[in-house]
Amino acid sequence: MSCFFSLDTLAEGHAAHIGEPAWWLHRAQQAGQIVPQSWVIPASFLDQALHQLVAREPLFADWPELLWQQDRTAGYPLQQMAKRLQQPLFNLPLNFPWEDLLAEIKAPIVRLFPSLWLGDGVATLPWGQMLATPVCWAEPDALEAALKLVWLSALDAKSLTFWRSWRSAQADAEVHYPARINLAVVVQVVEAAAFSGSLTIRD
């Protein structure tokens, strides 16, 4: 199974697996808008990575509920809990076929950014803005480190704080936490700018 899906090959029905930003980029491209070369690493690959780590860190069996569960993590300061969750993922070798992707990339630099899906009608922007959006060289080691940086940002203390106060911040007191959190990642070519500088307009 390929890890990387070009925007050209995405289907409309894949929105839940590729996240809102990737879905809207796909729609823009289909409408004839100019979109830089982009590929999506579906949310299922983060799920698979966490599943591999359950034996080392049992809390991963409760993804995504572990982000807001209080009873299972009682007594752990948020910074310490974030470190406990991040360390196994940081050390996990991914063995992605990066060379297959690099054969299609026609630029030396790419950027990675999260593409979230939290369910119909659930806003992704508040949390999505908090996640990492690294820029890196188009090289295997750099790409793997950048992908992990996006994933790890979903488990940092800032994310844990966000989710543990999420429900109290909702206008609807009866709102439920998302049944699923799908975190896909977009890999997008950084294109050279035709112009750079600043524009000052004076009346």
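Is Gln79 buried or exposed? I looked this up first. Gln79 is exposed, at 61% relative accessible area. I am working from a predicted model. Gln79 sits in helix 3, which spans residues 78-91.

**Cysteines.** I looked for disulfides and got a count of 0. For Cys3, the nearest cysteine sulfur belongs to Cys136, 16 Å away. A disulfide needs the sulfur atoms within 2.5 Å, so Cys3 is in no disulfide. Cys136 is in none either. Cys3 is buried, with 6% relative accessibility. Cys136 is buried at 11%.

**Salt bridges.** I found 3 salt bridges in the structure.

I took Asp47 and Arg180 to begin with. Their closest N and O atoms are 2.9 Å apart. Asp47 belongs to helix 2 and Arg180 to the loop between helix 7 and strand 5, so this pair ties together parts 133 residues apart in sequence. Asp47 is partly exposed at 23%, and Arg180 is partly exposed at 45%.

Next I noted Glu57 with Arg84, at 2.7 Å from N to O. Glu57 is in the loop between helix 2 and helix 3, while Arg84 is in helix 3; they are 27 residues apart. Glu57 is buried at 5%. Arg84 is partly exposed at 28%.

Then I checked Glu144 and Lys148, which form a salt bridge at 3.9 Å, N to O. Both lie in helix 6, 4 residues apart, about one turn of the helix. I noted that both Glu144 and Lys148 are buried.

Conventions:
Residues numbered from 1 in each chain as written. Predicted model: local features only at pLDDT ≥ 70, side-chain atom pairs only at ≥ 80, totals over all residues. Heavy atoms only, no water. Helix = DSSP H or I, 4+ residues; strand = E, 2+ residues; numbered from the N terminus. Buried < 20%, exposed > 50% of the residue type's maximum accessible area, 1.4 Å probe, protein only. Salt bridge = Lys/Arg side-chain N within 4 Å of Asp/Glu carboxyl O.
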